[in-house]
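Trainee: I would like to learn how to read strands and sheets. Could we work through a case together?

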Amino acid sequence: MRAKPVFQLTLLAAALAASGAVQALGLGRLTVESALGQPLSARIDLTSVSRDELDSLSARVADPAMYRQNNLTFQPALARTRVTVEQGPSGPYLRVTSPASVYEPYLDLMVEASWASGRVVRSYTFLLDP
């Protein structure tokens, strides 16, 4: 008869402990800061990022094979696009830049972020305003 409350408390404790571990780095909203005919400049908000994740974080545009697996078109303009981790006044974010001007009005951008204990891939479709 006493085992039931102990079992319930154990389950509750395990759920509370696991809820803290579930929070992991996430890729949030993309904000495009460039227009059509300019080099790409955008930022991606990082959500729920811990100091440990940030220390080992690297990000890049996903390779063309991943685009094909997800039925997305890899635009040639993305071949030399870089994704870097930067620190802003409101916290860390990913900066997406290209060295050349982009003339495709619609882009599918797939970003792959990796850190010591995980990996996340997210795709964004956006319009470059003329």
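Trainee: Which residue in strand 5 stands opposite Val-83?

Mentor: Val-96 stands opposite Val-83. This is a predicted model, where local features need pLDDT of at least 70, side-chain atom pairs count only at pLDDT 80 or more, and totals for chains, interfaces and linings use all residues. Residues are numbered from 1 along each chain as its sequence is written, and side-chain values use heavy atoms, with hydrogens and water left out.

Trainee: What holds strands of a sheet together, and over how many bridges do strand 4 and strand 5 pair?

Mentor: Strands of a sheet pair through backbone hydrogen bonds, either parallel or antiparallel. A strand is a DSSP run of E, at least two residues, numbered from the N terminus. Two strands pair if DSSP finds at least two bridges between them. Here strand 4 and strand 5 (residues 91–101) are antiparallel, over 7 bridges.

Trainee: What is the strand order in that sheet?

Mentor: The order is 1-2-5-4, in an open sheet of 4 strands with antiparallel pairing. Strand 1 (26–32) and strand 4 (82–88) are at the edges; each has a single partner strand, so one side of each lacks a neighbour in the sheet. The twist averages 30° from one strand to the next. Such angles run from 0 to 180 degrees between N-to-C directions of axes, which are lines fitted to C-alpha atoms.

Trainee: Over how many bridges do strand 6 and strand 7 pair?

Mentor: Strand 6 (residues 106–115) pairs with strand 7 over 10 bridges, in the antiparallel sense. Val-111 faces Arg-122 of strand 7 there, standing opposite it.
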